[in-house]
Amino acid sequence: MDFRSGWSGVPDLTKRFIVLSLVAAGIFLLLVFRLWYLQVVKGERYHNLSEKNRIRYLPIAAPRGPVYDRDGALLIDNRPGFGVSIMRQDVENREELLERLAGYLGVPVSALEERWKASRRLPGYRPLPMADDVDRDTLERVLENAVDLPGVLTEVRPIRSYPHGDMAAHLFGYMGEVTDRELEKLEAEGYRSGDFTGKSGLEQQFERFLRGTEGQRLVEVDVKGKELRQLKTQEALPGNKVYLTLRRDLQLAGERAFGDKAGSVVAIDVRTGEILAMVSRPTFEPSHFARGIAGEEWLSLLDDPRHPLQYKGINGQYPPGSTFKIVTALAALKAGVASPSTTVTCTGSIHLGNREFRCWKNEGHGRVDLRKALMESCDVWFYLVSLDLGIDRLSDMAVGLGLGEATGFPLAGEKRGLIPNRAWKRKQFKAPWYDGETIIAAIGQGYVLTTPLQLAVMTAAVANGGTVYQPQVIRRIEDWQGNPLLVQEPKVLRRTELPPAILKPVLAGLESTVNDSTGTGRASRLEKVRVAGKTGTAQVVRRKSNEEEKLQKEIPYRFRDHALFVAYAPADAPEIAVAVVVEHGGHGGAAAAPIARQIFASYFGLEPAVIRTDAVITGD
């Protein structure tokens with residue numbers, strides 16, 4: 001039978017019923033297929049998505065590794081701080097939320113907007129830090145108004161802590177929030193927007209050891225993102241332990257002795273090259289950076305004319321002044337152009353061509369041999385000797401003792417200083433070297449530049465007989481099970497041959513500088529330990545006459561002479577060498593030597609003797 005003819009015979013009502021039944025069956029089959037597809041084929045995916053709406057992984061910030069001195073005294077630690085974050089995927093009205101939150105935090109809305117915009121690289125399911133280290137009152141305001149702040153989280157985070165305030169701030173360095181540019185390199189290592197990282201000093205250089213491993217919490221939340229309960233926790237792992245070569249007591253003694261002066265002190269073990277203390281003043285509070293430094297605070301540091309952010313110990317370059325006479329004396333004796341008994345008559349100046357080169361003592365020192373030249377810092381003796389010595393042999397001795405080259409100190413920013421010679425001037429200025437320039441270089445002026453660290457390395461090399469050690473500040477780094485990750489051994493950079501016949505007369509002169517009644521370094525004298533050293537005064541601008549030397553207080557601060565002092569002790573069996581540079585401090589004997597005395601007294605556990613530092617102690 002023809003189907004069409006059979007279907008045409010079916011009543012209309014029946015036709016409609018059959019069509020509707022087929023449509024309903026088709027829809028039902030589609031629903032069944034869709035249900036099967038969602039529950040079986042895509043079941044696992046949608047299960048995970050639903051779990052993400054109900055369950056979250058929240059990061060737990062890792063404490064950074066603590067830092068200790070050589071004896072295990074704590075120098076840098078962590079403390080708990082309250083932080084406020086936003087889970088962006090729970091935020092429906094950003095403008096309204098940020099306006100409310102800014103009011104509770106007491107910050108401009110624009111500051112929160114900047115943080116939000118800076119988080120574009122951060123996944124939406126990861127908390128975005130909006131405020132770090134908030135006080136308890138602020139935290140309570142946020143918690144009390146939590147119902148009006150959907151997506152806002154409060155948490156406890158470790159904040160870098162510096163128990164001794166600004167002590168060794170330049171050495172330790174400071175922390176800062178990672179920038180977008182830094183994130184491009186660091187994101188692969190697990191860094192996210194809002195994380196803090198080392199920006200300078202040890203915090204930066206040893207970031208990979210100090211940074212811990214982030215943990216996480218598995219929590220259940222409601223539809224508004226509020227935490228209901230904690231399901232699982234994976235604790236964060238703190239960073240490794242770092243032990244420095246510093247002695248905390250010595251560092252504090254140096255900081256106190258320097259007071260509000262500008263400059264640097266470096267104390268070094270002459271037997272190993274280990275840094276025992278390293279002061280740079282003026283300084284800053286690294287804790288201000290750890291919590292997030294305010295813009296006006298940062299600008300005040302940048303605009304300070306005394307440059308508190310400069311690590312003067314390694315990147316401050318100064319003429320060494322008469323401390324360089326140690327180098328000149330050794331070079332002259334080694335070259336055979338002078339002997340300990342070489343004597344000249346100092347009348348206060350010499351003439352070379354049409355120029356006059358003055359001694360610091362206007363009336364002169366009279367008959368002067370090597371010992372007296374060092375003890376009373378007679379310029380004329382070194383002027384005359386240097387003319388026979390020549391700049392190249394002087395330069396060779398300086399470089400041989402660790403000057404004019406980077407020492408390999410483990411922190412960034414170390415300057416090379418400058419030790420000139422004929423080849424250098426020819427290359428730099430396309431000009432010959434002149435005898436007048438040798439005379440000036442022999443007393444540590446002219447082109448000669450050194451860092452405080454280099455002066456300490458040089459002094460240590462002289463004290464130990466000619467071995468130049470690479471200065472070290474890390475003693476060891478270990479994990480929390482005590483396994484060593486890095487152990488620093490003494491490293492010799494070079495050995496400069498200094499036979500006893502050459503070295504002993506110079507050492508004797510340095511000992512007299514401190515311990516004889518007319519020595520320029522007697523302000524560093526101790527009663528129970530004999531100190532040996534050399535003072536120096538470095539001109540910042542050239543003077544027209546010696547009368548101006550007597551008017552330091554009337555000269556604008558920025559034009560005053562730098563005061564320097566280098567020394568070691570005990571004189572007969574050296575253990576520690578110290579270099580002091582006081583910016584615009586005047587005479588080294590009056591301004592720098594007393595600072596060294598305080599450090600020596602602390603090192604040997606002595607009360608420093610009271611030494612008069614009035615007008616009697618002047619000169620180079």
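User: Is Ala601 buried or exposed?

Analyst: Buried means under 20% relative accessible area, exposed over 50%, and partly exposed in between, with a 1.4 Å probe and protein chains only. Ala601 has a relative accessibility of 2% and therefore counts as buried. Ala601 belongs to helix 24, and its C-alpha atom is separated by 9.2 Å from that of Leu250, 351 residues apart along the chain. The model is predicted: local features need pLDDT of at least 70, side-chain atom pairs count only at pLDDT 80 or more, and totals for chains, interfaces and linings use all residues. Residues are numbered from 1 along each chain as its sequence is written, and side-chain values use heavy atoms, with hydrogens and water left out.

User: How are helix 11 and helix 24 packed?

Analyst: Two packed helices are described by the angle between their axes and the distance between the axes. Helices (H or I, at least four residues) and strands (E, at least two) are DSSP runs numbered from the N terminus. Axes are lines fitted to C-alpha atoms, for helices over the stretch in contact, and angles run from 0 to 180 degrees between N-to-C directions. Here helix 11 (residues 248-258) and helix 24 (residues 593-603) pack at about 155°, and their axes are 9 Å apart.

User: Which residues of helix 11 and helix 24 meet?

Analyst: Contact means heavy atoms within 4.5 Å. From helix 11, Asp249, Leu250, Ala253, Gly254, Ala257 and Phe258 take part, and they meet Ile595, Gln598, Ile599, Ser602 and Tyr603 of helix 24. By class, this contact has seven nonpolar, three polar and one charged residues. Ala, Val, Leu, Ile, Met, Phe, Trp, Tyr, Cys and Pro count as nonpolar, Asp, Glu, Lys and Arg as charged, and the others, Gly among them, as polar.

User: What is the order of the strands in the open sheet?

Analyst: Two strands pair if DSSP finds at least two bridges between them. The open sheet has five strands in the order 12-11-23-22-21, with antiparallel pairing. Strand 12 (275-281) and strand 21 (532-538) each have a single partner strand, so one side of each is left without a neighbour in the sheet. From one strand to the next, the twist averages 5°. Strand 21 is joined to strand 22 by seven bridges, with Ala538 opposite His562. Seven bridges also join strand 22 (residues 562-569) to strand 23 (residues 576-582), where Tyr568 stands opposite Ala577. Helix 22 (residues 500-515) packs on the sheet, touching strand 21 and strand 22, and its direction makes about 75° with that of strand 21.

User: Which way do the residues of strand 21 point?

Analyst: In a regular strand the side chains alternate between the two faces of the sheet. In strand 21, Ala532, Lys534, Gly536 and Ala538 point one way, while Gly533, Thr535 and Thr537 point the other way, and all are buried.

User: What does Gly533 touch, leaving out residues up to four places away in sequence?

Analyst: Gly533 touches Leu510, Thr513, Val514, Phe565, Val566 and Ala567. Gly533 counts as buried because its relative accessibility is 2%.
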